[in-house]
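The following exercises are to be worked through with the sequence and the structure in view. Each task is followed by a solution in steps.

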Amino acid sequence: GVDYNMGNFTHLHLHTDGSLLDGAIRVDKLADRLIELGQTACAITDHGSMIKTYEFYDTLKKKGIKPLIGLEAYAGEKEDHNLFHTLLIAKNNTGLKNLFALNRCGYDNFYRKPRIRLKDLDMYHEGLICTTACLGSELADLWKKDIDYTAYIEYMIETFGDDFYLEIQPNTMEEQIRYNKFIMQLSLKYNIAPIVTCDAHYIRKEDADSHDTLLCVQTKKKKDDEKRFRFASNDCYIQSEEEIRAGLTYLPKSFI
């Protein structure tokens, strides 16, 4: 069965200001916050961009924190308008080279946003860890529409093997809570380990309003526009392990 020991928490889904007009985490401030929380490793997973990779790696290494290099890619075929978030993290040098290759593929296949295709993943998956990412993922889309997800899961298992993980996030959105419960069911059904991330876009909870202003700049909307894009919760910050555990008390005790 799946080992549900959560262990020491490491942020594996995090957006710096390299996620342009979407992430608001400055790398120098990130390192200080991680030290404050006693966390010894962290990943960078900017949206469709690896522009902050060197600064992130260099800054965290100097602070004694293990840097993990990742990317939250947009996945989809150029012929349609669907774009699904796919989280990828390099576990070795081969994975890092493939991550850069996939990032390049995204811009070679640019359509509204940098996008990678299934054939790109087929070619450059070695050395990479892949997770199901957030509510913007293909799995979440299938779940929302009540469409059979078997083909998706089987493709990911065939491609990434034991390096494919189901992702849970502790934000307070009702949809996220229902999705997390679904993920736990999938974990048991397929014997795939779940991981917990925060999808951090800013450093502290009180930064949520500043981040919301950033989203307004991105979408060219005014803050009082009720129809504009906004995050549905204010939980997308660098949480402590205690906060994360407290936000997942509805899951099995053996997990948290």
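**Exercise 1: Backbone angles in loops**

Asn-191 is located in the loop between helix 7 (174–190) and strand 7 (194–196); helices (H or I, at least four residues) and strands (E, at least two) are DSSP runs, numbered from the N terminus. The model is predicted, so local features need pLDDT of at least 70 and side-chain atom pairs count only at pLDDT 80 or more, while totals for chains, interfaces and linings use all residues. Residues are numbered from 1 along each chain as its sequence is written, and side-chain values use heavy atoms, with hydrogens and water left out.

Solution. 
1. Most residues other than glycine have a negative phi.
2. Asp-199 is placed in the loop between strand 7 and helix 8 (208–219).
3. With a relative accessible area of 10%, Asp-199 is buried (buried means under 20% relative accessible area, exposed over 50%, partly exposed in between; 1.4 Å probe, protein chains only).

**Exercise 2: Cysteines**

Solution. 
1. Cys-134 is buried, at a relative accessible area of 9%, and Cys-236 is buried, at 8%.

**Exercise 3: Sequence and space**

Task: Find the C-alpha distance between Leu-102 and Ile-116, and that between Asp-46 and Ala-73.

Solution. 
1. Leu-102 belongs to helix 3 (residues 93–108) and is buried, with a relative accessible area of 0%.
2. Leu-102 and Ile-116 stand 14 residues apart in sequence, and their C-alpha atoms are 6.7 Å apart in space.
3. Asp-46 is part of the loop between strand 1 (41–44) and helix 2 (53–62); Asp-46 is buried, with a relative accessible area of 0%.
4. Between Asp-46 and Ala-73, which are 27 residues apart along the chain, the C-alpha separation is 8.1 Å.
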